Amino acid sequence: MAATTKRRPASKAKARPRKKPAPRKKASNDTMTWLKDRGPQFLGLFASLLAVLAIAKVGLVGKFIANMVRLIVGGSYQFLLLVLLVPFLVVLAYGQWPRRFKWQHYVGFGLFYLGIMLVGSILLFNKMNVHNNYTQVIQTLINQDLNNHAVTTPVGGGLIGAVLYSATYMASSNFGAWLVAIVLLIIGLVVMFNLPLREVFDNFFKLAEGTGDFVQTQATTAHEKVTESIEGFRDRQRTAMNDFFNDDPFASESDKAAKLAGVVPEADASQPVKLATTKAKSPQDVLADAAEAEATATEFKMPEIVAPMPHHETTPTVPAPVTPSATAPAPEPDLTQVPIPSLDDAPAASMSFDPDFDPNDVIQSEHEEIAPVVFGADLPDDDLLPGQETPLTHADILGHSNQATSPKTQAHQAGVGHVEPSTITEPKADVDASGLGTVIDDKDYVLPTTELLQHIGSTDQSAERDALNEKARILHETLKSFNINATVEKVVLGPTVTQYEIKPAVGVKVSKIQNLADDLALALAAKSLRIEAPIPGKNVVGIEVANDQQATVGFRDMVEEAGIDTEKPLVVPIGRGVTSGVVKLDLTKMPHLLIAGSTGSGKSVAINGILASILLQAKPSQVRLMLVDPKKVELSVYNDIPHLITPVISDPKKASLGLKKVVAEMDRRFKLLAEEGVRNIDGYNRFVEKQNTSDPSTVLQKMPYLVVIIDELADLMMTSTVSGDVENAIVRIAQLGRAAGIHMIVATQRPSVDIITGLIKANVPSRMAFAVSSGVDSRTILDSNGAEKLLGRGDMLFAPIGSNGPQRVQGAFLTDEDVEALTDFIKNQGEAQYDDSMTVSDEEVKALENGGDGADDLDEKWDEVLEFILRAGGASTSSIQRHFGMGYNRAGRIVDALEDRGLVGPANGSKPRELRFTPEMLDRFRKNA
Ligand SMILES: Nc1ncnc2c1ncn2[C@@H]1O[C@H](COP(=O)(O)OP(=O)(O)OP(=O)(O)O)[C@@H](O)[C@H]1O
């Protein structure tokens, strides 16, 4: 040791003289020393700068530092950096770490900050619902921000917080984690500021006490309010029930007995209580008074309830069709078990279990019949097509002028005594061409009556009726629980659904009620629920709730109630609406109907119902039918009835050709109408009536309606060779058929856009939608959702042309035996009277199969030949041969083709063949038409 101390001065002495001659080096040493002395200050400056950049999150550096610090300590990093900025600035100023900080500050702040980080992590992981891999989650979140050069994603308490949370959560779940965090925060503060622990605890308990008091006061106030409103509700119920039934729904058995004895001392014991106190006021008046006196938008008041009793009490000849709920009755929803988000269940319970409470008393049964609603009755008679503003005249269609034709026709009428025959149908003796070629003689025809039909047992709806009032209350309470002020104004029990009319208070958005469909269905334990917001033409929202059991609407009952109208054979009843009134449709106004619904939804029953109604009202001379049934089984029962113009068609190719013939028939009718200068079939028939009265020597036949029914459009549209023709024919009939008395009913179980094409949809504006599987299908038919919520078995949404929206209707049910009874009765009266010109022959089908219309095979001079024979007024092989300078074979083929297409008649000896088309029809028969 001594040796070393001795050696040092020597070495110093040696070194100093060497330094003197080098002043530059000294200067650099001074700089180094200066720098060394200032080092901490530079560090302080650097750290302060970085901290400021990170706090402000500016620039790549700022963001990078911020993310790095966040990775470790989490979202509260700015607080930490701000705290650290204080010592950094002290170092910057004084070159040394502040000496004022003691160990307890560091420890206290450390604990406090750990608490903050833990709180951050608890909040983050609970929000993300993450309860493992905490550190990985934090790293992923920070990586995201690093990649995006952002400092935005919440990272809770960073890695430290994550580790702390994983330990505390694993040990004691969230509760423990919160407890540890609070303890860390408190202890941190206590240690940091050296607070007296006792004082802290005292203050803590004071705070807790104050909070407890506050909570208790609030709870008491809330309880009082709830009790008050329940009491109010009871009072109002009691008053209403007392007024109405002399019954206190909340009184105990003994109270009631005592009251009964006191109030009606003289009353006959067997007399129902309500009779003893019957007042002059009607139930409606009582309800109205109660409503006026009591109701506010938020309080439940008894709605008007309309629940008609079965319309016909006649003993059924057949039971109602077995519905799933009928075979295995769905357990009655226990309304007391239904989760009612009401303030108090007591009234509900009392009302349900009160043995004296007879819900039948509440219900106003409407025994008087509700007048049938006829859809289409209010539509104008003008033949306006969709989008057309001025009525269509047939002179317009055919290029005829009424002035030009009328005198001729009048002269003809005066001379011949009957209407000029069509050029297509060969007139026969005593037969005028009033439309279809064959004239039906049905003077002795007797219309079938409803006696032939069976009574279908009406479904017992008493359970539904009993639950109406309670369900109305549940509906009201549920809406209220969602802060919707609305009153249930009226409840109408229909066959399939019950409609609740809800009147929202001012300021309540209708869409808010619409969005609650699922919640309301849950509260009412409903199979299906549809909201009509608002009911067209009313200031209420309609909530249609499926009945637990679907009531069957018997066809016979419905027809007997609707009445038979032989003057308007195409006004037919289809079922009952929600309001239980019969719903009729006027096919002449529809003027065509599209029926769609999945298999088994009730289309065929509906079509049978329409057909049966027509048969009950129309003689064959009034309505002719063309039935297309590709399924072969649905409509074949109608074969051989005299109303048919052709046997029921089941072959798609025949159907296509048949529809073309309908188009030709339509053209022919138009020609006839134009010649008489009348607007439509009604005008023509009026003219015939007048003519027959003024000149009894000849009897003109009225133009019959022609109803074309296609039971499965998909089968036609999927047959590629005919789909185009079918679509064209349907569209053409749809566009012009009404005035000519031709109406179409097209049904399909595949409501997709390749079947119901845009063209068909645009031209068949009246729709009947049965249950479908999806909202997409519903939109294809109705342009709106709803049909996917239907219940099947004849439950339909009926949207006729011009209606404000689809109307829910329960279709009537008739059995196959009913249909057979009707058709047998009709067939027994005579032979079928098919119209040859409308019947598609096998040859025509063959011609179609051998290259469609054969248009491509037509002679190149075809069009010129058509014009030529029109000018010549007849056709013969030799005249064509001569005129066009062609060979005999070629001219012969042309004449054969003309005959095949029905454009000329058969060979007529040496005379030219008769023309069977008019100049107006020429364009349709051209080669490229
Ligand atoms: N209005 C109704 N009332 C009660 N039940 C009905 C009603 N309509 C149909 N049903 C029941 O639904 C069943 C199927 O009806 P329907 O044959 O009319 O269905 P669909 O839609 O024509 O089916 P598909 O397209 O397969 O022919 C009937 O057998 C009947 O039991």
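Modeller: The chain holds 33 helices and 16 strands, where helices (H or I, at least four residues) and strands (E, at least two) are DSSP runs numbered from the N terminus. This is a predicted model, in which local features need pLDDT of at least 70 and side-chain atom pairs count only at pLDDT 80 or more, while totals for chains, interfaces and linings use all residues. Residues are numbered from 1 along each chain as its sequence is written, and side-chain values use heavy atoms, with hydrogens and water left out.

Colleague: Which residues of helix H31 are buried, and why do they line one face?

Modeller: Buried means under 20% relative accessible area, with exposed over 50% and partly exposed in between (1.4 Å probe, protein chains only). In H31, residues 877–884, the buried residues are Thr877, Ser879, Ile880 and Phe884. Seen down the helix axis, these residues line one face because they fall within an arc, taken from the directions from the axis to the C-beta atoms, of 165°.

Colleague: Is Ser656 buried or exposed, and which residues does Ser656 touch?

Modeller: Ser656 is found in helix H22, which spans residues 652–676, and with a relative accessible area of 0% Ser656 is buried. Leaving aside residues up to four places away in sequence, those that Ser656 touches are Val722, Asp725 and Val726.

Colleague: How do helices H3 and H6 run relative to each other?

Modeller: The axes of H3 (residues 59–73) and H6 (residues 134–148) come within 10 Å and cross at roughly 175°; axes here are lines fitted to C-alpha atoms, for helices over the stretch in contact, and angles run from 0 to 180 degrees between N-to-C directions. Angles under 35 degrees count as roughly parallel, over 145 as roughly antiparallel, 65 to 115 as roughly perpendicular and the rest as oblique. The crossing therefore makes H3 and H6 roughly antiparallel.

Colleague: Which residues of H3 and H6 make the contact?

Modeller: From H3 the contact takes in Phe64, Asn67, Met68, Arg70 and Leu71, and from H6 the residues are Ile138, Gln139, Ile142, Asp145 and Leu146.

Colleague: Where does Lys57 lie, and what is its phi?

Modeller: Lys57 lies in the loop between helix H2 (23–56) and H3, and is partly exposed, with a relative accessible area of 33%. The phi of Lys57 is positive in a residue other than glycine, near 55°.

Colleague: Which peptide bond is cis, with omega near -15°?

Modeller: The loop between strand S9 (582–586) and strand S10 (593–596) contains Pro591. The cis bond is the one from Met590 to Pro591.

Methods. Contact means heavy atoms within 4.5 Å.
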